[in-house]
Amino acid sequence: MKNYRKSHFSKCIKSLSIYLAIAASMAFFMFPIFWEVISSFKMPKDAIAYPPLFVFNPSLQNWRYLIFERNALHFLKNSLIVAGASTGLTLVLGSMVGYALARLKFRGRKTLTVDILTFRMLPPIALVLPFFLIMKQLDLLDTYIALVIAYTTFNLPFGIILLKGFFTSIPPEIEDAAMVDGCSRFMTFRKIILPLASPGLVATAIFCVILSWNEFIFASILTGKSTQTLPVLAAMVHMRYWANWGAIASVALIIALPVLLFTLSVQKHLIRGLTLGAIKG
Amino acid sequence: MNPRMRDSSLILGKAVSMRKNKLTVLLFIGPGLAVLFAVSIFPLVYSLNLSLHRWNIIRPYYGYAFVGFKNFVNLFLDYRFIESLKITLYFTGGAVAIEFIFGLGLALLLSSEEIRKKEIIRIIRSVILIPMMVTPVVVGLIWRYILNEHMGVANYFLSLVGMEGLKWYSSPTSALPTVVLVDVWQWTPFVVIVLLAGIASLPTTLYEVSEIDGASAWQQFVYLTLPLLKPIIIIVLLFRIIDCVRIFDKVYVLTKGGPGTATNVISIYAYRTGIKYGNISYAAALSWILLFVILGLCFLLIKIGRWEI
């Protein structure tokens, strides 16, 4: 009897401490987000108050400042255009190469796969410098094209690898059936494979959008007044008006919120897409 | 190919179908590879060529001369480069180590008997993705706000427990640990999620058998869990190392490489040299060295990936 009580007690302590540890970790990860969201609704003078205010009068002043005085919607538009174009390009080109790597047999197929994976890992700074010079010489600075091409640099390899995985998981019998019935490779690809791999296309699109949306270093160097994207706005608001922390919090939210909402809402599709790619047949 | 065409190609021999096959392959991979070549390989080659010359974009009157490997030699004699190597090393080592230990611990806790089957795990798994998804620039800004020495929440919390406020990113000594902290915040969830999946896939039978044989939890961990997770652990570590070596956004927004040169990681140093001071050929050489380091790590990753998986 005594032993039972003792081990039950120590088990309770163990459970409690596990719960505490997890709760503390979750608090650590979630607090900055929470703080960020509420701070964006603080008036500038409340944002820099010390001790920091947890209770305050909410105001939309930061948002008004960002949208009307700093023209945040212009940056938002640029981010959308660049992310969309780069994603589209990646999907079109990447699906073709991915399909070839998955299905068509040709020499050097394995090494190509490996090389493409390596591209994904390149340090941005190694590409930014030559890109800057090249775009300068081509007079393409401050254009959407420059940034879209730059983002394709890392979106395309990633997309190729991801899509290759999805194409590999589609049973080849379907393609063979189609081709026996008279379809060319390309027609099979377009009419049969692509619709079947749509979860994979969606997953790739999601990753590409997120990568392009969050990208900073290429954006800050290759863009000018008319094409700057949201991350650049964030850095700018910080540098010039660095005392205006409320506005900074709002910028942060404008950038992060679309991606977060987008990610969380398509999470189901994402996971389904990823696991579909992993399961064969 | 309709049946009639197939018959005729059989008659014509393999040559026709092979040529058609080659054309198909070209059609599919041609456009994609061409673009990839243009946007990846070409700039890299351009950059390599640049690093063998001398070119300053702020002072173009210095001229554009071929200097061979002089840039690379100068780099290794440059104390600031060596310093930035050291800083990058400290940052990478510290960040990856903490992310791994913290992440492994959290993953183990979440996989423990008490927690494993609860509904809350699903919520936790979704929610813990959030730090990874936030734009690095934004992460830097948020933490810059929180860790501000005058009115940041962090110092407020410290004062509540009776400690003095810290200088976080404003002091040369604490700036690098601060950057490590921010990276830990953003990327530990990655380690947690991957290791969680790995632990979930471990065979339970081994654990049951070892428990019958009298193994303690610690022994189970050291002799069962760790060895079985080794391939996943190595891959996670390599991914994080490669990402940490490349870091730029967070450091730029938090400290811009400062105070002084306290957080002058390689990417920031290359950026400063090339864009701010205009010495773009030197910066190109610098970025190529970084490239080699990362290519080496990638090579390792691929080798190990082929082994274990």
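This is a predicted model: local features need pLDDT of at least 70, side-chain atom pairs count only at pLDDT 80 or more; totals for chains, interfaces and linings use all residues.
**View 1. An aromatic pair formed by A:Phe28 and B:Trp143.** Over all chains, the count of aromatic pairs comes to 25. In one of them, A:Phe28 and B:Trp143 form a tilted pair, with 6.3 Å from centre to centre and 55° between the planes of the rings. A:Phe28 lies in helix α1 (residues 2-39) of chain A, whereas B:Trp143 lies in helix α8 (residues 136-146) of chain B, so this pair joins two chains.

**View 2. An aromatic pair within chain B, formed by B:Tyr252 and B:Tyr271.** The rings of B:Tyr252 and B:Tyr271 are arranged edge-to-face, with 5.4 Å from centre to centre and 80° between their planes. B:Tyr252 is in helix α13 (residues 249-254) of chain B and B:Tyr271 is in helix α14 (residues 266-276) of chain B, and the pair, whose members are 19 residues apart, links distant parts of the chain. B:Tyr252 is buried, with a relative accessible area of 10%, and B:Tyr271 is buried as well, with a relative accessible area of 14%.

**View 3. A nonpolar patch on the surface, with residues from chain A and chain B.** The patch is formed by A:Phe34, A:Phe54, A:Val55, B:Phe157 and B:Leu160, which together have about 510 Å² of accessible area. One of these residues, A:Phe34, is found in helix α1 of chain A, and A:Phe34 is partly exposed, with a relative accessible area of 42%.

**View 4. The interface between chain B and chain A.** The size of an interface is often given as the accessible area lost when the parts come together. Here the area buried between chain B and chain A is about 7,800 Å², and carbon and sulfur atoms give 81% of that area. B:Phe28, B:Met133 and B:Tyr145 supply 10% of the area that chain B buries against chain A, which is more than any other three residues supply. In terms of contacts, 91 residues of chain B meet 86 residues of chain A, yet the count of salt bridges between chain B and chain A is zero.

Terms used
Residues are numbered from 1 along each chain as its sequence is written. Chains are lettered from A and ligands numbered from 1 in the order in which they are written. Side-chain values use heavy atoms; hydrogens and water are left out. Rings of Phe, Tyr and Trp (its six-membered ring) pair if their centres lie within 6.5 Å; planes under 30 degrees apart count as stacked, over 60 as edge-to-face and the rest as tilted. Helices (H or I, at least four residues) and strands (E, at least two) are DSSP runs, numbered from the N terminus. Buried means under 20% relative accessible area, exposed over 50%, partly exposed in between (1.4 Å probe, protein chains only). Patches are made of residues with over 30% relative accessible area and no salt bridge: like charges are joined within 9 Å, nonpolar side chains (Val, Leu, Ile, Met, Phe, Trp, Tyr) within 5 Å. Accessible areas come from the Shrake-Rupley method with a 1.4 Å probe; for residues, only the protein chains shown count as cover. A salt bridge is a side-chain nitrogen of Lys or Arg within 4 Å of a carboxyl oxygen of Asp or Glu. Contact means heavy atoms within 4.5 Å. Buried area is the accessible area (1.4 Å probe) that two parts lose on being put together, summed over both.
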